[in-house]
Amino acid sequence: MSHLTIPAAPCWSDAFRNPPREDRPQPFWSWNADIDETRIDQMVALFAAQGCGGVFVHPRPGLVTDYLSPRWFALWRHAARRCAEHGLACHIYDENSFPSGFSGGHVVSSEPNAAARLVRADLLTAAKPPDGRLLGCADPHSGAMLASDAWKQATPEQPVLVLVELHDQPSTWHAGFARPDISLPVTGRAFLATTHAAYARECGEHLGTTTQLVFTDEPTLARTAETQPWSDELELAFAAGHGYRLADRLGLLFVDGPGHEAVRHDFHATLNRMLCGNFFKPIHDWCAAHRLSATGHVDEHLWPEPSFLPSAAAALRWMQVPGNDLLGFQFAPDRQEHDAVAMARLNLRELDAVRRQCGRTRCVVESCGGGGYAYGPKDMKPLEDWAMAQGVSLINPHLAHVSLQGARKYDWPQTVSDHSAWAPDLAVHHLHVARVITALQRGTVERRIGVLMPTTTAWLHARPGLPKDGPLGRLRAAMFALVEQLEHAGIDWDPIDECLLAELGRVDGGVLHVGACSYRAVVVPAAMDAWESTTLALLAEAGVPLHGEGAGRPRFLDGRPDPRPATIARWQTHVDATALTAALRSAFPPQLAQADGAPLPTALSWRRVETPDGSLFFLCNPWNKPLRTSLRLPGHGVLALDTGDGAMSPVASTVQGDCQSVVLELAPGSHALWLCTAVGAIAPAPAWRRLPVAAAGITADHDNVLVLDHAELRIPGHTPLAGTAVRVDSALWAAMGFRGPGWSHAIQFRRTLLEHPVAHLPGFTVTYAFDLDPGVDARGLRLAVEMPELYRITVNGTAVAGWQPWFDMAMGAAPIGALLLPGRNNVQLAAERFSTRHELANVHLLGDFALRPTEHGFAIAPPLPLTLGSWRSLGRPLANGAMTYSWDVTLAAPTSRLRVRLPAWAGATWRLTVDGAIVARAGHGEDEVIVANPLTAGAHRIGITVVSHLAGLLGPHHSEGLPGRWTWERSWEPLRALAPPGAEWRAPESGLLATPELAVVP
């Protein structure tokens, strides 16, 4: 039946239309060059225009400005002041890149005892002195400890396992130092003193106002695939907590022998206590004392591997705003069944549970980074929609680079900075995200089922050398399968970590309370073979229903065999996950189902919150196939909240008793935000009238570009080398005595790289070549080079002058048309002396021309007329920017709405202009936009501006994958002196491929 009463707008509709800054995305702002005030001002203005709520100033590889120096803090204060002027927050990122804990080298520099130590097990088959400080000898079959000099009797028939202590080795990634051991008290104190206290001293006026969050990124224990963490403090804490010496059973950390479960349990439990007590809790407490909130994430995606971090939940408990990451290479619309997505779902479910159990108001996800330069707002939306459907309430886009010079362009692209031509269009997506979060933050979530996480079960099995399909791999796969069943059945559930349960758990009236959350039933996964004694004490109490997946019961308590979990009588056994979820679904009717009560389609991701105005549902389809279903919803009316323009309009529904059914249709990547109300109405469909259009021209806002990515390097005394610029750059640094390019995967410490002695090193030349077809008007051509001031640059032997900024703060372009000749032309960069500022990279030719594919790349040919069609067909396959296609229309009468549909187009985003003014941005790559602005009768010019991705300019052009050095170098392949054929170069398509369709409503 139809309804005639229009539902009332919610009381928070004003906030929905104009979301507060705390609901808006807050990206990582990558400071990765020689920062200056001018660049800071440019980027703060960009963030404000994009609709950001704030930024995290994030030091990253390539940083020239000394981290934590007086100049660093002067720039940071300048950034904070500029952010405040634009209404943005300016937050702290607590490390020079990641993982957090080494303070850009300052921790180990100030406290050498913070450097990590490790224990390794070496199998000896002959008497050989230990390679490191001897901790003991063990039987390689049983793990039992032997006499300390047993290594002297090692033979092939009776090998001996030698346990040695090692010092972590220095690395360029850790600024030339060893990794710190973040489980040690000295490390936590040094980290707070060198980073947090420095911000309080230098930027204290901003703390608690402009600055509200401190982000810690992936702090982990220092270990390798062959080692375990080790320290004197660990030995003492282990003995104090468990009543025996770890050294007496050390072999069982490496060998599956009698009693290894207990030793490994105690080992990981000790590490967990030390990590939380010495690192995470002190940061939490420091932030609270300075009116700040600790935020960030750990290596949660490694679950259930405990040796880097025994319990992610236990660490997140000590963040006021806990978080995860979900990056572009982990999630994509075609990966619904991918293990990375299954892991992310479990991680985000646990994050949401920890957030609510600990009474926190928000949780954050570091999103989208590493998608590649063909990644844009259209790709960001499904990922971030899915994250918000899992409960994320602060989006932290990864990332906005200050500079893309040299190795920086390979640092986890994409970038949301002004290097991307679509950067202004990101405002559409940011407003969408903010409106979803504003709405979802207005209500509460109920989860009735708690699912115990078998994290401590993993503690019993973890050791170096486990195969991927070993016990941890099987545990992981079993949990993925259970979670898939729970999600498909529509069960409202939360993971429960035993560490949080021990601290926050209590039973009252047959209900298990974990902090602020309450659970009416508890699921014990089949993969859970061990409990903590605190778990048994709580779940043995009367009244808490237990549901077991499978017939098994946990066999271990605190890592020791124990029959007591099997004796609990109040245990409902289900043969498998299917039977389990069917029983739960019967006992606890789903919070959302299809109209006939059936489970939801697996493609639908959703979140339900209860608000004072009714039940609010966020429904999204982040996958690559369309979705259609009919939903049973509470109430008798539905109000659709438009995250594009902030409008609210009724949705047609059919009453079914005290509920209603609504048809939901979601195209790939789309969503609905519905508020269920007591009354409803049917929105009338608009009567659209098609408009004829007349083509009025095409213009481009950018030069065409030829990328020269192959070059020849000559160094006195060395054989000339030709290949890609990336491999030539590596060869240059190697010839100068470095292990690799100094700015790639390296963190500077107090200008050690910049001040590295180089006066004795020779100079070099690097030559690029290209062909110019006869008939090309070369007068407007320019050459673009990174850091041109470092070289004497010539074209065909004549020096180039007149450099002006282009594309990046470190790049310049200069006219070279008068120096060019038909046929082969050479560009040479000559350095009198090598310096550590030299990074060989691609150079670019800019101008009005077309690219003609050749056997080795492209030649410059005369320009082609701009027409509808792919930019590749116009000889512009590598171009970066926007192209505007104009059309004239005549309106016989005023109109209230304009609809523009693009039957075929390619690119990142597109914009709609009317009479030269932008009236809409298709920021999610949609094919259609509707503009509510009224238009007068008469003639109007309509413009469709198609915006490209950066991948045409930055690549990778010759391989799949991210455009990191590892992709470009392809060191496993033979060196290729010349570029591959131009027809084989990879670049995403751009262009308007067909005439747009226009329609109006009177």
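**Salt bridges and a helix pair**

I counted the salt bridges in this predicted model and got 50.

Which residue does E202 pair with in a salt bridge? I found R77, with 3.3 Å between the closest N and O atoms. E202 lies in helix α5 and R77 in helix α3 (residues 70-85), so I noted the pair as a link between distant parts of the chain, 125 residues apart.

Helix α5 spans residues 185-203 and packs with helix α7 (residues 260-289). I read an angle of about 25° and an axis separation of 9 Å for the two. Angles under 35 degrees count as roughly parallel, so α5 is roughly parallel to α7. The crossing of α5 past α7 is right-handed.

I listed the residues that make this contact. From α5 they are P185, G188, F191, L192, H196, A197 and A200. From α7 they are N278, F279, P282, I283 and W286. Sorted by class, the contact has nine nonpolar residues, three polar ones and no charged ones.

Back to salt bridges. I looked up R872 and found its side chain paired with that of E989 at 3.4 Å, N to O. Both residues of this pair are in loops: R872 between β49 (857-861) and β50 (882-891), E989 between α19 (965-969) and β57 (991-992). The pair links distant parts of the chain, 117 residues apart. For accessibility I have R872 as partly exposed at 31%, and E989 as partly exposed with a relative accessible area of 37%.

Where in the chain are E997 and R901? I placed E997 in strand β58 (residues 997-1001) and R901 in strand β51 (residues 897-901). The two are 96 residues apart, and this pair too links distant parts of the chain. Their salt bridge has its closest N and O atoms 3.8 Å apart, within the 4 Å cut-off. E997 is partly exposed, with 25% relative accessible area, and R901 is partly exposed with 31%.

Notes. Residues are numbered from 1 along each chain as its sequence is written. This is a predicted model: local features need pLDDT of at least 70, side-chain atom pairs count only at pLDDT 80 or more; totals for chains, interfaces and linings use all residues. Side-chain values use heavy atoms; hydrogens and water are left out. Axes are lines fitted to C-alpha atoms, for helices over the stretch in contact, and angles run from 0 to 180 degrees between N-to-C directions. Helices (H or I, at least four residues) and strands (E, at least two) are DSSP runs, numbered from the N terminus. Angles under 35 degrees count as roughly parallel, over 145 as roughly antiparallel, 65 to 115 as roughly perpendicular and the rest as oblique. A crossing is left-handed if the near helix is turned anticlockwise from the far one by less than a right angle, and right-handed if clockwise. Contact means heavy atoms within 4.5 Å. Ala, Val, Leu, Ile, Met, Phe, Trp, Tyr, Cys and Pro count as nonpolar, Asp, Glu, Lys and Arg as charged, and the others, Gly among them, as polar. Buried means under 20% relative accessible area, exposed over 50%, partly exposed in between (1.4 Å probe, protein chains only).
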